[in-house]
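Thanks, everyone, for making the time this morning.

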Amino acid sequence: MVDVTLWAGLRPFADNQEVVRVDARTIREMLRKLEERYPGLHEPFRGQVAVAVNGVIYRNDWSQELPEGAEVMLMRRLAGGEGAGRRQFRRSLLPR
């Protein structure tokens with residue numbers, strides 16, 4: 001079970017919630033369950049989302065496992081970046 005923080009643009013599609021609890025083992029499963037619960041998220045998820053798990057950004061690797069209690073944030077995907085599709089960023093940049 002993980003708590004997923006949604007960027008402001010996604011909140012209207014998820015009953016205006018900032019954080020949603022999801023029981024999922026991978027990023028792919030988490031995104032699928034969120035789409036099932038909130039069908040309005042389907043379109044924004046298509047190529048527009050990046051997922052930060054404990055400070056590491058994943059843009060393409062949806063098979064990444066989600067550790068129990070991980071800090072998970074859905075973010076708007078930005079153009080460019082590293083070929084591996086993930087980048088470490090300072091935890092001090094995360095909203096608290």
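Arg 25, Glu 29 and Lys 33 are linked in a network of salt bridges, where a salt bridge is a side-chain nitrogen of Lys or Arg within 4 Å of a carboxyl oxygen of Asp or Glu. Before I go further, please keep in mind that this is a predicted model, in which local features need pLDDT of at least 70 and side-chain atom pairs count only at pLDDT 80 or more, while totals for chains, interfaces and linings use all residues. Residues are numbered from 1 along each chain as its sequence is written, and side-chain values use heavy atoms, with hydrogens and water left out.

Arg 25 counts as exposed because its relative accessibility is 64%, whereas Glu 29 is buried, with a relative accessible area of 17%; here buried means under 20% relative accessible area, exposed over 50%, and partly exposed in between, using a 1.4 Å probe and protein chains only.

A search of the whole structure finds 6 salt bridges, and I will take two further examples. In one of them, the side chains of Glu 36 and Arg 32 meet at 3.0 Å, N to O, and both residues lie in helix α1, 4 residues apart, which is about one turn of the helix. Helices (H or I, at least four residues) and strands (E, at least two) are DSSP runs, numbered from the N terminus. Glu 36 is exposed at 53% relative accessible area, while Arg 32 is partly exposed at 41%.

In the other, Arg 46 forms a salt bridge with Glu 35, with the closest N and O atoms 3.0 Å apart. This pair links distant parts of the chain, since Arg 46 sits in the loop between α2 and β3 and Glu 35 in helix α1, 11 residues apart. Arg 46 is partly exposed at 43% relative accessibility, and Glu 35 is buried at 16%.

Let me stay with that helix for a moment. The buried residues of α1 are Ile 27, Glu 29, Met 30, Leu 31, Leu 34 and Glu 35, and what covers them includes β1, β2, α2 (42–45), β3, β4 and β5.

Which residues of the largest nonpolar core touch the most other members? Of its 26 residues, they are Val 4, Ile 27, Met 30, Leu 34 and Leu 74, a nonpolar core being a set of buried Ala, Val, Leu, Ile, Met, Phe, Trp, Tyr and Cys residues joined through side-chain atoms within 4.5 Å. The largest share of this core, 4 residues, comes from α1. Leaving aside neighbours within four places in sequence, Leu 74 is in contact (heavy atoms within 4.5 Å) with residues including Val 4, Met 30, Leu 34, Phe 45 and Val 51.

Finally, we come to β3, which is largely enclosed by the rest of the structure because 5 of its 5 residues are buried. Val 49, Val 51 and Val 53 point one way from this strand, and Ala 50 and Ala 52 the other way. Two strands pair if DSSP finds at least two bridges between them. β3 runs antiparallel to β5, joined by 5 bridges, and Val 49 has Arg 76 as its bridge partner there. β3 also pairs with β4 in the antiparallel sense over 3 bridges, with Ala 52 opposite Ile 57. The hairpin of β3 and β4 has 2 residues between the strands, and in this hairpin Asn 54 takes a positive phi near 50 degrees.
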